[in-house]
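Keep the structure in view while reading.

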Amino acid sequence: MNEQSLWSIFINACLINNFVLAYFLGICPFMGVSSKLSNAVRMGIAVSFVMLVASICTYGINLLLQAIDAPYLQLISYIVVIASTVQLVEMFIKKFSPVLFRALGIFLPLITTNCAILGLALFQTNRGYDFIESIVFAFGAGAGFTLALILMAGVREKLDLADVPQLMRGAAVSLMVAGILSMTFMGFAGLGT
Amino acid sequence: MNASGDSSDKSLYSRMYRAFVGVAAICGIVIIVVYQITAPIIADNQNRALETAIYKVLPEVASKKEFYLNTAGSFVTEKLQSNHVIYATYDLNQQLVGFAIPAQGMGYQDNIQLLYGYDPTKQAVVGMQIIQSRETPGLGSRIEDDPKFVENFLRLDVRLNETMNSLANAIVLVKPGKKTKAWEIDSISGATISSKAVGNIIQQSASFWLPKITQHYKEFEFGS
Amino acid sequence: MAAKPIKIPVVSETEQETNTFLNGLWQQNPVFVQVLGMCPTLAVTNSAINALVMGLATMSVLLMSNILVSSLRYFIPRQVRIATYILIIATFVTAIDYVIQAVSLEIHNALGAFISLIVVNCLILGRAEAFASRNTVNKSIQDALGMGLGFTLALLLLGIIRELLGQGSLFGIAIFPENYENWIIMLLPGGGFFTLGLLLLVFNWLQQRDTENSQ
């Protein structure tokens, strides 16, 4: 019984409670992928697409599990669906755009363990979103993820040319940047209500 | 290298199959065992948490009954597979005391779940208890225990309009200390969004349930 | 001319196991060195008790998954290993979720979906693949305990810093006096990022000093 407006769900998932900068989900590829802007964009789009498909599938699975009254199978079925979705998307991309496939490389299978996608499925179930709300939520989350990845990549590209102290190089400075980005995104609080 | 290539392929498939089925069986057993052991304990915990909350939001509760909203729009006591459930509470003389209504909605950080008590004779919310919130500790989490905020819900006017199909006055959030009308809520300074969320949650829930409760009032008598 | 017999230092079985344990705790601490398993960590470290429960839950899943993967390592063919590992991990995470619900509904509600997110914690799958599938059950137990403890201590450290600075309390008990001005940022996601970044910095420095000293 969630009466949030669709626009509010989208803005919330994309900006206010950005999956990366507010919930800390999807950081693993964030740290690994985000040093090149072009990679970041591709990864973001791939993740958004998987999120959309996964959202629809998990909505269906949830209905099924409720029908057969087997709530304990929720996690296993979600993770199986997500893994299969990634596999399918990988085959799809390989067939229709080999260039994109080679560009994404190792990152595609990495999406399987991407906390953001499972997090999406779990949040949408816990909050009781209906079908349309789930899809809007997935769009918002994907958009927010891509946005965060792009911002991060842009900053890191500049950082590579800057004089960062030896000890800070790598994950430490990335986390600092992420922290500042997270603070700036807090400014969106209250938008859309 | 493979003289018996065909049979080793077949044996690979059978090994894969065997491994998968075997692992699935072990996992299945683990889950079922843990579930069976913990399910009654969890149900017990949830029941106790619910009862504690109900006692906090309504006075003089001696017993309660669950009511589900069926597709025909009337209230039934048998368990339905739905989220639309409310609790009618009765005192020692089996007179209806009020209703404990669970509601949820989006707060600042995540979903907020709460329970509020509705007294039909006073046409007001007489208590509110946060069941689950993951708001920022020290800020948004003050919706749970800030005394001034909780006071708002001891007599929050939710009377219905003339046609009995929605609230006469929408619940409105005002700055701390500026409350003048019975349907206003003093927000918590520094936790505006969380306070507003609570107001919205109750507003939407009351708009949904109260007209239906008033319509089907007879169905809640203890004997029926 | 006969070759001189080479003396090969023999490391005892227990010493090997202790080394494995310490490896997980320090040299390859999952959070600070390998920067693994961060996803579910930062969101729940804004209070010490949440961090502790999260760490212990992850350690339990890691332990049980390592034991099962290690016992079945000759039984699972290479081609299906990732799928079966994920199935095993998901099972134990589901089990832990129910156990936590039974023990304390309150803590379960505070952690929410993040308990279920342990299943995508790269640490557990990583250890199953890199260690448990190639070593004995005993060694895998040591590895799980070491990595798990290292993870828990790292989370606990984060949680303690964030709760102390952000709320002036530890495990709910007020430490700082009333007029302490809470550093709210510490309780918000940004603070989590900053704290982890700073801790990584300190850890890097300590490790660098370690390698310098041993040279």
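## A helix in chain C

The model is predicted. In chain C, helix α7 covers residues 122-130, and its buried residues are Leu123(C), Ile124(C), Leu125(C), Arg127(C) and Ala128(C). An α-helix has 3.6 residues a turn, so residues three or four places apart point the same way.

Other helices of chain C lie over these buried residues of α7(C). Among what covers them are α3 (48-71), α4 (81-103) and α8 (137-167) of chain C.

## Where chain A meets chain C

Between these two chains, 31 residues of chain A are in contact with 33 residues of chain C. On the chain A side, at least two residues each come from α2 (27-33), α4 (74-96), α7 (115-126) and α9 (171-185). The largest share belongs to α9(A), which gives 8 residues to the side of chain A that touches chain C.

Sorted by class, the residues on this side of chain A are 26 nonpolar and 5 polar, with no charged ones.

## Where chain C meets chain B

Chain C also touches chain B: 28 residues of chain C are in contact with 26 residues of chain B. Helices α4, α5 (105-111) and α8 of chain C each supply at least two residues of the side that touches chain B. Of these residues, 10 come from α4(C), the largest share.

What classes of residue make up the side of chain C that touches chain B? There are 16 nonpolar and 12 polar residues, and no charged residues.

Definitions and conventions
Residues are numbered from 1 along each chain as its sequence is written. Chains are lettered from A and ligands numbered from 1 in the order in which they are written. This is a predicted model: local features need pLDDT of at least 70, side-chain atom pairs count only at pLDDT 80 or more; totals for chains, interfaces and linings use all residues. A residue is buried if 20 or more other C-beta atoms lie within 10 Å of its own, exposed if 12 or fewer, and partly exposed in between; C-beta atoms are placed from the backbone. Helices (H or I, at least four residues) and strands (E, at least two) are DSSP runs, numbered from the N terminus. Two residues are in contact if their C-beta atoms, placed from the backbone, lie within 7 Å. Ala, Val, Leu, Ile, Met, Phe, Trp, Tyr, Cys and Pro count as nonpolar, Asp, Glu, Lys and Arg as charged, and the others, Gly among them, as polar.
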